[in-house]
Amino acid sequence: LAAQAYVELATRFPDTRHDAWFKAGKIAEQRLKNTDGAREAYLKVPPASAHYREAQDRARKLAVR
């Protein structure tokens, strides 16, 4: 439910400062073990985010798995 809430937040409010895509990706990766969903979320993290570089690195690592 938490991952869905962050996806919903990021979809409805793309300019939110809560890094919703990053948080959704982190939950999908660590708690749900959903690598495809996590990679998708990490790739949607906007370049203005403080977590952009980390999200890109995580997405790249998940693509290798």
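Predicted model: local features only at pLDDT ≥ 70, side-chain atom pairs only at ≥ 80, totals over all residues.
Trainee: Got it. Where does R58 sit, and what does R58 touch once close sequence neighbours are left aside?

Mentor: R58 lies in helix α4. Leaving aside neighbours within four places in sequence, R58 is in contact with F22, K26, E29, Q30 and Y42.

Trainee: Which side chain does R58 meet in a salt bridge?

Mentor: That's E29, and the N to O distance is 3.1 Å. E29 belongs to helix α2 and R58 to helix α4, so the pair ties together parts that are 29 residues apart in sequence.

Trainee: Let's zoom out to the two helices. How do α2 and α4 pack?

Mentor: Their axes are 11 Å apart, and the angle between α2 and α4 is about 35 degrees, with α4 covering residues 52–64. The crossing is left-handed. On the α2 side the contact is made by F22, K26, E29 and Q30, and on the α4 side by E54, A55, R58 and L62.

Trainee: How many of those contact residues are charged?

Mentor: There are 4 charged ones, along with 3 nonpolar and 1 polar.

Trainee: What about α2 as a whole, how many of its residues are buried?

Mentor: 8 of its 11 residues are buried, so α2 is largely enclosed by the rest of the structure. The buried ones are A20, W21, F22, A24, G25, I27, A28 and E29.

Trainee: What do those buried residues pack against?

Mentor: They pack against α1, α3 and α4.

Trainee: Switching topic: how many salt bridges does a search of the whole structure find?

Mentor: The search finds 4. One of them joins the side chains of E8 and R12, at 2.7 Å from N to O. Both of those residues lie in helix α1, 4 residues apart, which is about one turn of the helix.

Trainee: Which salt bridge does R60 form?

Mentor: R60 pairs with D57, and their closest N and O atoms are 3.1 Å apart. Those two both lie in helix α4, 3 residues apart, again about one turn of the helix. R60 is partly exposed at 49% relative accessible area, and D57 is partly exposed at 33%.

Trainee: Now D19. Where is D19, and which side chain of opposite charge is nearest?

Mentor: D19 is in the loop between α1, residues 2–12, and α2, residues 20–30. The nearest side chain of opposite charge is K23, 6.7 Å away. D19 has no salt bridge, even though D19 is buried. With residues up to four places away not counted, D19 touches S49, A50 and H51.

Trainee: How far is L43 from D19?

Mentor: Their C-alpha atoms are separated by 12 Å, and along the chain the two are 24 residues apart. L43 is in helix α3, which runs over residues 35–43. L43 counts as partly exposed, because its relative accessibility is 42%. Not counting residues up to four places away in sequence, L43 touches Q56 and A59.

Trainee: Last one, K33. What is K33's phi?

Mentor: The phi of K33 is positive, about 55 degrees, although K33 is not a glycine. You'll find K33 in the loop between α2 and α3. K33 counts as exposed, because its relative accessibility is 63%.

Notes:
Residues numbered from 1 in each chain as written. Heavy atoms only, no water. Buried < 20%, exposed > 50% of the residue type's maximum accessible area, 1.4 Å probe, protein only. Lys, Arg positive; Asp, Glu negative; His and termini not counted. Contact = heavy atoms within 4.5 Å. Axes fitted to C-alpha atoms, helices over the stretch in contact; angles between N-to-C directions. Left-handed = near helix turned anticlockwise from the far one by under 90°. Nonpolar A, V, L, I, M, F, W, Y, C, P; charged D, E, K, R; others polar.
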